[in-house]
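Subject: Two-chain model, handover and findings

Hello,

Please find the structure below. My notes on it follow.

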Amino acid sequence: MILPWLILIPFIGGLLCWQAERFGNTLPRWIALLSMVLLFGLSLWLWTTGDFSRAPVPGADPVWAHEFKVLWIERFGITIHLAMDGLSVLMIVLTGLLGVLSVLCSWNEIQNRVGFFHLNLLWILGGVVGVFLAIDLFLFFFFWEMMLVPMYFLIALWGHSGSKGNTRINAATKFFIYTQASGLIMLIAILGLVFVNYSSTGVITFNYADLLKTKMSEGTEYILMLGFFIAFAVKFPVVPFHSWLPDAHAQAPTAGSVDLAGILLKTAAYGLLRFALPLFPHASAEFATIAMYLGVFAIIYGALLSFAQTDIKRLIAYSSVSHMGFVLIAIYSGSQIALQGAVVQMIAHGLSASALFILSGQLYERLHTRDMREMGGIWGRLPYLPAISLFFAAAALGLPGTGNFVGEFLILIGAFKAFPWFTIVAATGLVFGSVYSLIMIHRAYFGPTKSDDALRGMNAREMFMVLGLAVLLILLGVYPQPILDTSAATMHGVQQWLGAALPQLASGSL
Amino acid sequence: MAFNSGSVPLSLNSHRAVCNMEFTTQHLLALLPLLVVCATIVVVMLAIAWRRNHSQTFVLSGLGLNLALLSLIPAVKATPLAVTSLLLVDNFANFYIGLILVATLACVTLVHAYMGDDKVGFPGNRDELYLLILLAAAGGIVLVCAQHLAGLFIGLELLSVPVYGMVAYAFFNKRSLEAGIKYMVLSAAGSAFLLFGMALLYADAGTLSFAGIGAKLAATGAQSAMAQLGLGMMLVGLAFKLSLVPFHLWTPDVYEGAPAPVAAFLATASKVAVFVVMVRLFLLSPAANEGLLTTVLSVIAVASILVGNLLALLQNNLKRLLGYSSIAHFGYLLIAVIAGHGLAVEAVGVYLATYVLTSLGAFGVITLMSTPYSGRDADALYEYRGLFWRRPYLTAVLTVMMLSLAGIPLTSGFIGKFYVIMVGVQSHQWWLLAAMVLGSAIGVFYYLRVMVTLFLVEPNLHRHDAPFNWGQRTGGLMLVAVALLAFFLGVYPQPLLELVQHSTMALIH
């Protein structure tokens with residue numbers, strides 16, 4: 001019974017925030033903070049109490065650490081079926097944590113229509129939690145599409161006006177259209193899968209466990225897999241489908257960027273791990289080489305474009321493309337170590353990218369610009385913030401001792417065996433990573449100053465957010481074992497699905 | 001699940017053979033909704049003759065429509081039943097009768113708000129509009145029951161002719177008059193096509209009943225050129241009324257020129273009735289649903305989806321935008337008709353129901369924004385800028401409607417779209433689905449544009465505003481109910497699905 005509350009808390013909290021606006025601007029903030037803390041606490045409690053050795057594996061009915069099921073639309077056998085295993089609990093803990101942070105980081109930034117802002121913010125998070133929990137494909141799609149609307153509002157209404165005619169509304173619309181159109185393709189693929197299953201069993205169902213057993217021809221499987229992949233590739237984002245991301249990030253308010261980079265991108269990786277691979281193992285194995293190309297290309301391309309940016313938020317956005325490229329490689333490598341690395345990388349990137357966005361938000365509050373050409377020499381004008389930025393930049397480039405290093409290391413070592421050349425090329429991404437991270441620090445904080453006025457120092461709230469993230473990132477870097485233990489069973493299952501199909505193909509192709 | 005092409009005409013014929021002889025109470029019961037509406041028309045007419053009173057006319061019309069809705073309950077028990085050889089009242093028809101009555105009722109409440117009170121509002125005679133709406137509703141009811149080409153034509157004309165008057169009701173306004181004349185000319189042209197098609201079909205099949213035509217066409221195997229031509233021309237005639245591309249040219253002008261509540265009627269009740277009769281014709285005459293005609297329908301569907309959405313893209317007039325979007329929506333619906341089997345009829349039902357709900361909401365907001373009538377409707381997009389900060393609930397309604405039109409989850413529009421995609425996948429209409437995905441992606445752009453306009457910063461511009469007490473008016477209450485229903489059906493569609501599922505069974509068996 002606890003699982004639906006994970007979804008309901010943000011939704012109810014959001015409605016309360018909206019109505020609380022009539023009592024001033026502070027109350028909605030506190031309500032939002034409270035519901036996010038509640039969500040975070042609840043997810044932590046589920047993490048500590050759950051038995052995460054229970055996870056779906058091939059050849060048997062999936063088992064879960066927590067499960068909830070109630071009939072919804074009888075006509076098509078659609079159920080509200082929520083389930084939690086090691087992967088989803090980690091993602092939800094991350095969601096809860098970043099939820100708290102995104103409420104905190106908007107505390108001063110958002111000054112108008114506060115209630116409505118928090119309604120949207122909380123509904124995004126509710127939708128994301130729904131995506132992480134739903135294992136009825138209809139329900140999954142339902143949440144997948146649903147979270148677009150509040151995100152759209154967040155960017156369109158509270159975003160920053162961009163430069164060069166890049167308005168926030170255009171950015172938001174672009175984001176919406178990309179994800180909505182690709183989502184429809186996924187819906188068609190879902191329905192295709194359902195009808196393939198229907199033609200052999202005579203039962204219309206959207207249930208994950210039943211659809212896992214679907215027998216289909218190779219061609220059908222490949223096409224359906226592509227339908228899923230396109231939807232996830234847009235959110236991921238994989239390079240040809242990425243162009244919404246920098247715009248959306250640059251134009252979004254800080255909380256929006258934190259949510260986008262921290263968790264929305266992760267829903268795509270989660271979708272691949274949960275649905276695309278287990279449902280279509282053979283097609284995924286066949287597709288693995290292409291996915292590798294895409295991943296490697298994203299790593300290099302993202303890093304190069306990141307280097308070329310002058311807008312600090314766009315820079316971080318492109319670095320996300322690069323980092324998520326590693327996750328893509330890991331997912332299709334078929335190695336348990338790499339898959340575990342992907343989980344760590346997802347969490348580490350969630351933390352470090354959020355921190356960088358929060359920091360650039362704080363910088364924006366002081367300087368009113370995101371253009372690095374307007375910055376320079378801030379190190380001397382502002383205590384702490386540049387140093388903390390340096391730490392997170394170092395984390396982003398994969399410095400040992402941070403979670404990012406663990407993630408990237410595991411991914412590269414795991415993928416090397418099956419795909420050595422891809423891994424070698426991907427590893428150069430680390431070099432490019434240091435280049436763009438350091439150039440960001442250099443341009444923003446060092447060099448000649450534009451002005452000598454001292455800037456307002458960081459207050460306790462701002463300090464707490466970024467230092468907390470730094471501590472977590474170091475913890476993840478030196479002792480990732482709890483994370484690895486939690487996700488082990490799930491990743492083992494995914495590995496078996498893909499691994500069983502991979503060898504016969506890999507021996508031929510590489 | 002598939003339609004059995006052989007058994008349908010047979011069972012219908014046997015119905016007629018049994019029931020054709022005399023008029024029993026059962027027949028009257030089955031026809032009760034239509035009879036109640038007709039009685040209401042007479043009563044309203046006499047009442048107007050006796051005393052012109054806006055409120056009185058409204059109350060009488062509303063009462064009559066509610067009674068007609070109630071009379072559906074005994075009617076459902078008496079059906080399926082063929083009442084004369086022209087009309088077949090089955091569950092399929094009953095469902096759409098209900099839909100038309102609800103839409104008409106909603107339009108009537110909107111009209112009441114729109115006309116204003118004694119001090120301000122519509123300057124001309126107000127009462128006749130109710131009369132015309134009721135007449136058109138009666139035509140719609142006849143149309144959804146039609147099982148005979150003559151029934152079809154009677155219904156269609158009974159529906160269309162009052163609508164000419166309704167569109168041009170604000171005749172002292174140039175645009176309204178122009179729209180009325182435009183609609184009349186094009187509609188008459190459509191009717192001419194329809195009649196010619198019927199004649200050709202009759203020449204070929206020798207019968208006017210849908211089932212008879214179907215049986216004849218199925219019996220002869222390959223369709224003759226004449227039958228194909230006949231069906232094609234009928235399609236042209238119906239496509240005019242449904243404003244499918246390339247017969248859509250009248251739509252934006254008429255939607256823009258017509259008074260807002262009339263546009264709501266045009267978009268909902270009128271289109272539903274015509275579409276339903278088309279479904280019945282094309283599904284009951286199975287031979288009509290194959291060969292060249294399917295290709296033609298597919299081309300029309302793709303063209304409607306793409307052209308409708310593309311033309312709506314940069315519209316700054318909300319009524320025109322909705323007009324173009326309705327072209328696209330009927331393009332989506334055609335996918336279900338082309339699929340023709342499996343869940344198709346059900347999908348049509350669900351989609352039409354959700355579309356009616358959504359259109360009522362959208363036009364309802366426009367109506368309330370233009371209330372009371374003051375020469376020009378509030379249909380320019382800039383008049384809606386920042387509406388949220390002035391009228392949060394009205395904006396919430398319009399937002400839900402835009403999301404529903406775009407087919408986003410949590411709204412009923414999503415369920416309709418889901419159904420159509422489902423049917424498309426089931427019958428492997430990949431090209432049509434590709435057009436639908438493309439169309440939706442384009443559509444999202446302009447729905448979002450409208451939506452975000454509502455929330456933008458308020459300019460210092462107050463030409464039109466909904467009256468502050470709009471929520472207390474019947475129209476306002478109706479709108480809130482529609483919005484809540486759209487939300488509820490988006491979250492828990494099971495009741496609607498059961499209703500529709502039930503209403504299609506009767507057609508199949």
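This is a predicted model: local features need pLDDT of at least 70, side-chain atom pairs count only at pLDDT 80 or more; totals for chains, interfaces and linings use all residues.

Overall dimensions

A compact globule of 510 residues would have a radius of gyration near 24 Å, and the 22 Å of chain A agrees with that. The C-alpha trace of chain A spans about 75 × 55 × 45 Å along its principal axes. The box filled by the C-alpha atoms of chain B is roughly 70 × 55 × 40 Å along the principal axes.

In chain A, 64% of the 510 residues count as buried; in chain B, buried residues make up 62% of the 509. Among chain A contacts between residues at least 6 apart in sequence, 81% join residues at least 24 apart. In chain B, residues 24 or more positions apart account for 81% of the contacts with a separation of 6 or more.

Domains of chain A

Chain A is divided into domain 1 (1-274) and domain 2 (280-510). Their C-alpha centres lie 21 Å apart. Across the boundary, 46 residues of domain 1 are in contact with 46 residues of domain 2. On the domain 1 side, the elements giving two or more residues are helix H3 (86-105), helix H9 (218-235), helix H10 (244-251) and helix H11 (254-279) of chain A. H11(A) gives the most to that side, with 11 residues. By class, the domain 1 side has 32 nonpolar, 8 polar and 6 charged residues.

Contact between the chains

How many residues of chain B are in contact with chain A? There are 21, and they meet 23 residues of chain A. Helix H18 (412-426), helix H19 (430-455) and helix H21 (494-508) of chain B each supply at least two residues of the chain B side. H19(B) gives the most, with 9 residues. The class count for the chain B side is 17 nonpolar, 4 polar and no charged residues.

The nonpolar core

The largest nonpolar core has 419 residues, and B:Ile100, B:Ile133 and B:Ile335 touch the most other members. Helix H13 (residues 260-284) of chain B provides the largest share of this core, 20 residues. Domain 1 (1-274) and domain 2 (280-510) of chain A both give residues to the core, so it lies between them.

Leaving aside neighbours within four places in sequence, B:Ile335 is in contact with B:Ala301, B:Val420, B:Val423, B:Gly424, B:Gln429, B:Leu432 and B:Met436.

Individual helices and residues

Helix H13 (residues 312-333) of chain A has 22 residues, which at 1.5 Å a residue should span 32 Å; its end C-alpha atoms are 32 Å apart, so the two agree. H13(A) is mostly covered, with 22 of its 22 residues buried. Just after H13(A), A:Gly334 takes a positive phi of about 75 degrees.

B:Leu34 sits in helix H3 (residues 32-50) of chain B. Is B:Leu34 buried or exposed? B:Leu34 is buried, because 22 other C-beta atoms lie within 10 Å and the cut-off is 20 or more. Beyond four places in sequence, B:Leu34 is in contact with B:Ala138, B:Ile141 and B:Val142.

Backbone points to check by eye

- A cis peptide bond joins A:Phe236 and A:Pro237, with omega about -5 degrees; A:Pro237 is in the loop between H9 and H10 of chain A.
- A cis peptide bond joins B:Val245 and B:Pro246, with omega about 5 degrees; B:Pro246 is in the loop between helix H11 (225-242) and helix H12 (250-257) of chain B.
- B:Ser243, found in the loop between H11 and H12 of chain B, has a positive phi near 50 degrees without being a glycine. B:Ser243 counts as buried, with 26 C-beta neighbours inside 10 Å.
- B:Leu410, not a glycine, has a positive phi of about 85 degrees. B:Leu410 is in the loop between helix H17 (392-406) and H18 of chain B and counts as buried, with 20 C-beta neighbours inside 10 Å.

Regards

How values were computed
Residues are numbered from 1 along each chain as its sequence is written. Chains are lettered from A and ligands numbered from 1 in the order in which they are written. Two residues are in contact if their C-beta atoms, placed from the backbone, lie within 7 Å. Helices (H or I, at least four residues) and strands (E, at least two) are DSSP runs, numbered from the N terminus. Ala, Val, Leu, Ile, Met, Phe, Trp, Tyr, Cys and Pro count as nonpolar, Asp, Glu, Lys and Arg as charged, and the others, Gly among them, as polar. Domain bounds come from an automatic or database domain assignment. A nonpolar core is a set of buried Ala, Val, Leu, Ile, Met, Phe, Trp, Tyr and Cys residues joined through C-beta atoms within 7 Å. A residue is buried if 20 or more other C-beta atoms lie within 10 Å of its own, exposed if 12 or fewer, and partly exposed in between; C-beta atoms are placed from the backbone. The expected span of a helix is 1.5 Å times one less than its number of residues. The radius of gyration is taken over C-alpha atoms; the globule rule is 2.2 Å times the number of residues to the power 0.38.
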